Amino acid sequence: MKAAVWYGRRDVRFQDIPEAPAPGPGEVKLQVGWCGICGTDLHEYAAGPIFTQVNTPHPLSGRMAPLTPGHEFAGTVVEVGPHVTGYKVGDRVSPNPLLRCGECVYCKQGLPQLCTGIGFLGCHSDGGFAEYVTLNVTRGTNPIPVLYKLPDSVSLEAGATVEPLAVAVHAVNRGKLLDGETVVVVGAGPIGICTTMAAKAAGASQIIVLETSAGRRAFAEKSGATAAIDPRSTDAIKAVQDLTNGLGVDCAFECVGAEPTLKLAVDSLRKDGRAVVVGIFEHPAALDWFPIVFFEKTIIGTFAYVNEFDTVIEMLADGRLQPDPMITGRIGVKDIVAGGFEELLNNKEQNVKILVSPS
Ligand SMILES: [Zn+2]
Ligand SMILES: [Zn+2]
């Protein structure tokens, strides 16, 4: 089957590899429709291995690099292994790509994103940049399933955006965002754009996006931002206060993962506001804790998702979430390096999400 295979930094190859195996007990085989390129895939290409399993096999999958990346995908069930109930050939599904042990205290609590043995499709086992993927859909799935069915009204293209949207909906849930509240989103990369859409769907009355790239500010405006401000050319905190009766916003989402953007998120809050930190930090970041203490601000971490996939699929089906504006490219897997990774690295102004078709 055709697939992209990660061998090392700047070494992802388009190859013909043996087809994903027939499903064993507890497994399901999918034919991939579309798989989105995530910031994680891009980092593994440009600077990896960061998360990718190298040298020793991952305990849950038994796999290590070379591996097929990709975890944001949707596909069609083509074979169902023994002891699998609830899925049949022809079902169109989006997988939750977290590998979880099912045994640890967090798995038992229904928090697979905090599993002590956690892994990730595409980093710790073969992912979606291939024609077929065989997945274990029973291990660690009580109470959080692996596969989520797509109704007829949700295309496989939209299905490939369920995972990043689930990250955003989880972040909004972590922030306990209420209908009518005001929001700042710092950074309009793919997750910032998804968070903007999720905040809009949750009923935010204002969504102010802070982003240095003009192209990405334009994408933010198409995705529900009520204002998009360049924090380099404008005093962003003053602008946020001007838009919120001098108060600051109820909830801010940091979607970059750096010290200056964390400061923007916290400084944009009103007293008693919440900052949800979504960005992945490569370095420790200092913060002035005086206003956090004195103005009773709350800092909240958020990672991946619990079981927001069903909610996202419902919101895609009824139109509350509309991912089309963020899909800026559709390519075949043979073009994944030039048309995918390099395009995203070199042309940030014009790209949010590039989808890859493996066939
Ligand atoms: Zn992702
Ligand atoms: Zn676990």
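**Close-up views of a predicted model**

Figure 1. Valine 105 is found in helix H2, which spans residues 105-108. In this predicted model, valine 105 is exposed, with 10 other C-beta atoms within 10 Å. Valine 105 and cysteine 115 are separated by 10 residues in sequence, and their C-alpha atoms lie 7.8 Å apart in space.

**Figure 2. The two domains.** The chain is divided into domain 1, comprising 2-161 + 323-357, and domain 2, comprising 167-301. Between the C-alpha centres of domain 1 and domain 2 the distance is 29 Å. Eight residues from domain 1 and nine residues from domain 2 take part in the contact.

**Figure 3. The largest nonpolar core and a separate core.** The largest nonpolar core has 98 residues, of which Ala168, Val184, Val186, Ala198 and Val312 touch the most other members. Helix H4 (residues 162-174) supplies the largest share of this core, namely eight residues. Because domain 1 (2-161 + 323-357) and domain 2 (167-301) both give residues to this core, it lies between them. Leaving aside residues up to four places away in sequence, alanine 168 touches Ile191, Cys194, Thr195, Met197 and Ala198. Another core, of eight residues, lies apart from the largest one; Leu99, Cys107, Ile118 and Phe120 are among its members. In soluble globular proteins, nonpolar side chains tend to be buried together.

**Figure 4. The open six-stranded sheet.** Six strands form an open sheet with parallel pairing, in the order S12-S11-S10-S13-S14-S15. Strand S12 (227-229) and strand S15 (298-301) are the edge strands, each pairing on one side only. On average, and with direction ignored, neighbouring strands of this sheet are turned by 20 degrees against each other. Within the sheet, strand S10 (residues 182-186) and strand S11 (residues 206-210) run parallel and are joined by five bridges. Valine 184 has isoleucine 208 in S11 as its bridge partner; Val184 is also among the residues of the largest nonpolar core that touch the most other members.

**Figure 5. Packing of helix H8.** Helix H8 covers residues 259-267, and its buried residues are Thr261, Leu262, Leu264, Ala265 and Val266. These buried residues of H8 pack against several elements: the strands S10, S11, S13 (249-254) and S14 (269-277), together with helix H7 (236-243) and helix H9 (290-294).

**Figure 6. A β-α-β unit formed by S16, H11 and S17.** Strand S16, helix H11 (residues 336-346) and strand S17 make a right-handed β-α-β unit. The strands S16 (residues 327-332) and S17 (residues 353-357) pair in the parallel sense, over five bridges. Among the bridged residues is arginine 330, whose partner in S17 is leucine 355.

**Figure 7. The hairpin of S1 and S2.** Strand S1 (residues 2-8) and strand S2 (residues 11-16) pair in the antiparallel sense over six bridges. In S2, glutamine 15 is the bridge partner of alanine 3. The two strands S1 and S2 form a hairpin with two residues between them. Arginine 10, which lies in the loop between S1 and S2, has a positive phi of about 55 degrees although it is not a glycine. Arginine 10 counts as exposed because it has 12 C-beta neighbours inside 10 Å. Strands of a sheet pair through backbone hydrogen bonds, either parallel or antiparallel.

Figure 8. Aspartate 272 is found in strand S14. Phi of aspartate 272 is near 70 degrees, a positive value in a residue other than glycine. Aspartate 272 has 11 C-beta neighbours inside 10 Å and therefore counts as exposed. Most residues other than glycine have a negative phi, and most peptide bonds are trans.

Figure 9. Glycine 48 and proline 49 are joined by a cis peptide bond, with omega about 0 degrees. Proline 49 is found in the loop between helix H1 (39-47) and strand S4 (72-80). A cis peptide bond also joins alanine 65 and proline 66, where omega is about 5 degrees. Proline 66 likewise has its place in the loop between H1 and S4.

Definitions and conventions: Residues numbered from 1 in each chain as written. Chains lettered and ligands numbered in written order. Predicted model: local features only at pLDDT ≥ 70, side-chain atom pairs only at ≥ 80, totals over all residues. Pairing = 2+ DSSP bridges. Helix = DSSP H or I, 4+ residues; strand = E, 2+ residues; numbered from the N terminus. Right-handed = clockwise from strand over helix to strand, strands pointing away. Core = buried A, V, L, I, M, F, W, Y, C linked by C-beta atoms within 7 Å. Buried ≥ 20, exposed ≤ 12 C-beta atoms within 10 Å, placed from the backbone. Domains from an automatic or database assignment. Contact = placed C-beta atoms within 7 Å. Axes fitted to C-alpha atoms, helices over the stretch in contact; angles between N-to-C directions.
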